[in-house]
Amino acid sequence: MTPETSAATEAPAAGFDVKTLSGSFGAEVRGLDLSNLDKDRFEQAYQLMVEHKVVVFRDQHFDLDSYEAFAGRWGRIHKHPFMRGMDSHPGILEIVKTETDRRAFGNAWHSDQMFNPKPAKFTMLYAREVPDRGGDTMFANMSAAYESLSDGMKTMLETLRGWNVGSREKLRAASTVPSNSRPPAGMQEEIPPEEQQTEASHPLVRTHQDSGDKTLYFGGHTMHIDGMTPTESAPILRYLQSVVTRPEFQCRVEWEVDSLTMWDNRCVQHYAIDDYAGQRRRMHRITIAGDEIPV
Ligand code: SIN
C-alpha cells in the first residue's frame, strides 16, 4: 500500500516509456514527470517500484524544496544517525566525491539502515553532477537470489537471523562511509529516538510487505548470524552474498544529470562503483524510513 492511498491499482497506463534494465529486475522510465504526479500517477509509480525494485526516472527537475516534498509522498524522511543532512534541508544528504577525494560513499554491497529495527524502505538518489564516464550504481536482487536456492538451503535459513551493526568504525572498515562525511556532533537531539538505534537483529529471509515475496535480507551491515560467532557465520554469509551478486541477479544504472533512481531496500542491495578518479560526482540522497519490523 502506498502512504497516499489504499485503492486497488491497475497496470501502468500508457503515456510514459518503461524499459527493463536487465533480465532480472530494474527499469528505466522516460516521460514521467515526478514533480507533477496526480494520485493515480503516484500509485502507478509506486507499483513500478514494487514490480521492478529499482527504477531510474530520467529528466527530472526538482529544486531542494520540491525534491523533499516529492520524497515525503513516499513516507517519512529518514534522518541518518551518522551523516549530517544539508543545512537548509536536513533530510537530504549531499553525496559528493570531488576530483581529489580518494574514496566513494557506498562502495560496498549493502542495503540502507539495516541496523535499525525498522530499516529503510526506499532510497532515492538524484544526480546533480556526474562524471564523464564511470560512477554507475550496481544493484542486486535478493528476492531472485532467494528463489534460486535449494529447498534444503531455504529450510536452513528459515529460522536464522542476522545481527546488523551501523557503527561508524565498522562502516568505515566496510568502506560504506565516505572519507568526507562529517561527524553528527550536535545532531542527535534532532534525530527521532527510533532512528538513533544502530544495532538490530533481522530475519535472513523476510517477506516483502507489498509483493508478499520471500527475499534474502542481509548486506554489508550484517556482522554475524544471531547465536553464531562471526567465524561460524562468515562462510554462510559469504556464500549467500556470492549468490545475491551473481551477474544474473544484477542490474546497473548509468547516471545522467537529472536522473532520479529509487530502490527498494527491502529486497535489493546496492554498490556505488568507484571508477572515476579525478572527476566530480554530486548526488542528493533521501531515504524513506521503514514502517515495519521485518518478518
Ligand atoms: C549509496 O550507497 O547510497 C550511494 C550510491 C551511489 O552513490 O551510487
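Residues are numbered from 1 along each chain as its sequence is written, and side-chain values use heavy atoms, leaving out hydrogens and water. Since the model is predicted, local features need pLDDT of at least 70 and side-chain atom pairs pLDDT 80 or more, while totals for chains, interfaces and linings use all residues.

Let's start with helix α2, residues 64-72 (helices are DSSP runs of H or I, at least four residues, and strands are E runs of at least two, numbered from the N terminus). Tyr 67, Phe 70 and Ala 71 are buried here, meaning under 20% relative accessible area, with exposed being over 50% (1.4 Å probe, protein chains only). These three cover an arc of only 100 degrees around the axis, which puts them on the same side of α2; the arc is taken from the directions from the helix axis to the C-beta atoms. In general, an α-helix has 3.6 residues a turn, so residues three or four places apart point the same way. The buried residues pack against β5 (122-129), β13 (260-264) and β15 (281-288), with contact meaning heavy atoms within 4.5 Å.

Now for the ligand. Residues around it, with a heavy atom within 4 Å, include Phe 105, His 110, Leu 125 and Trp 263. Oxygen atoms of the ligand lie 2.5 Å from a polar side-chain atom of Thr 137, 3.1 Å from one of His 270 and 2.7 Å from a side-chain N or O atom of Arg 285. β14 (268-272) and β15 each give two or more residues to the shell.

Conventions: A polar contact is a pair of N or O atoms within 3.5 Å; within protein, one must be able to donate a hydrogen and the other to accept it, and residues adjacent in sequence count only if both atoms are side-chain atoms.
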